[in-house]
Amino acid sequence: MEARITIEGTAPDFESLSDWLHHEPGLRGRVTTAVGPVPDGALGVSTELAVALVTSGSGTVAVLARAVSGWLIERERQRHSDVTVNVTMPDGGQVAVSVRRAAESEQILRTALEAATSGPLPSSDQLGTSQGE
C-alpha cells in the first residue's frame, strides 16, 4: 500500500521535497521516485514520489503527514513561490495541501491518509479542503 505524491511547482521544488522525505528517519527506505501518468495536455513525463504505507497504526502515516507539513511550513518561512503538494491515497482518493494552508496541512494529510489506510476517505468537509483542490 502506498501514497503517491506530486508537486504543482518547479523541478527544484520536487527535488527539495524528495530530499526532505528521503532524509526523514521515519520514512527511510519507504520513499521512491516513480514516473507517473502524464496529465492531459502535458508533454514529457510526470515524476512522483511513492511512499510505502503499512497501516495507519504503523506510525508511517503520522510521519509522512508531519514531514510534508514541515516542508510546506519551511517553504512558507523562506517565502518560496506557492507550491501545492498533491497526495493520492491507496484507495485513489486525493487531497491537496499548499503553502497557503501550511499550518493546517499536517492535520488535513493525517486525516486523509488514516482514513485511506483504514477505511473510506472522509468528505472534503471533514478534511477542511476540497479534494483535488
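1. Confidence. The mean pLDDT of the chain is 76, and 74% of its residues reach 70 or more; pLDDT is the predictor's confidence in each residue, from 0 to 100. The model is a predicted one, in which local features need pLDDT of at least 70 and side-chain atom pairs count only at pLDDT 80 or more, while totals for chains, interfaces and linings use all residues. Residues are numbered from 1 along each chain as its sequence is written, and side-chain values use heavy atoms, with hydrogens and water left out.

2. Where caution applies. Among the elements of the chain, H1 has the highest mean pLDDT (89), and helix H4 (residues 124-127) the lowest (40). Over residues 119-133 the pLDDT stays under 50, and the model has 32 contacts beyond four places in sequence for this stretch; a contact means heavy atoms within 4.5 Å. Where pLDDT is low, the predicted coordinates should not be read in detail.

3. Overall organisation. The chain contains four helices and five strands, arranged from the N terminus on as β-α-β-β-α-β-β-α-α. These elements are DSSP runs numbered from the N terminus, with helices (H or I) of at least four residues and strands (E) of at least two. Of contacts between residues at least 6 apart in sequence, 60% join residues at least 24 apart.

4. Burial and surface. Of the 133 residues in the chain, 41% are buried. Buried means under 20% relative accessible area, exposed over 50%, and partly exposed in between (1.4 Å probe, protein chains only). The chain exposes about 6,800 Å², of which carbon and sulfur atoms supply 50%; accessible areas come from the Shrake-Rupley method with a 1.4 Å probe, and for residues only the protein chains shown count as cover.

5. The nonpolar core. The largest nonpolar core has 32 residues, and Ile5, Leu21, Leu64, Val68, Val85 and Val87 touch the most other members. Strand E1 (2-8), H1, strand E3 (46-52), H2, strand E4 (84-88), strand E5 (94-98) and H3 each supply at least two residues of this core, and H2 gives the most, with eight residues. Such a core is a set of buried Ala, Val, Leu, Ile, Met, Phe, Trp, Tyr and Cys residues joined through side-chain atoms within 4.5 Å. In soluble globular proteins, nonpolar side chains tend to be buried together. Neighbours within four places in sequence aside, Leu64 is in contact with Ala3, Ile5, Leu21, Leu27, Val51, Leu53 and Leu113.

6. The structure holds five salt bridges, each being a side-chain nitrogen of Lys or Arg within 4 Å of a carboxyl oxygen of Asp or Glu. One of them joins Asp13 to Arg75, with the closest N and O atoms 2.3 Å apart. Asp13 lies in helix H1 (residues 11-22) and Arg75 in helix H2, so the pair ties together parts that are 62 residues apart in sequence. Asp13 and Arg75 are both buried; Arg75, located in helix H2 (residues 60-77), has a relative accessible area of 8%.

7. Partly exposed salt bridges. The side chains of Glu2 and Arg4 form a salt bridge (2.3 Å, N to O). Glu2 is partly exposed at 33% relative accessibility, as is Arg4 with a relative accessible area of 24%. Glu2, Arg4 and Glu48 are linked in a network of salt bridges. Glu106 and Arg110 also meet in a salt bridge (3.3 Å, N to O); both lie in helix H3 (residues 102-118), four residues apart, about one turn of the helix. Glu106 is partly exposed at 27% relative accessible area, and Arg110 is partly exposed at 24%.

8. Two further positions. Not counting residues up to four places away in sequence, Thr33 touches Phe14, Ser18, His22, Thr47, Glu48 and Leu49. Thr33 and Thr47 are 14 residues apart in sequence, with their C-alpha atoms 7.0 Å apart in space. Val99 is placed in the loop between E5 and H3 and is buried, with a relative accessible area of 8%. Val99 and Val85 are 14 residues apart in sequence and 8.7 Å apart in space, C-alpha to C-alpha.
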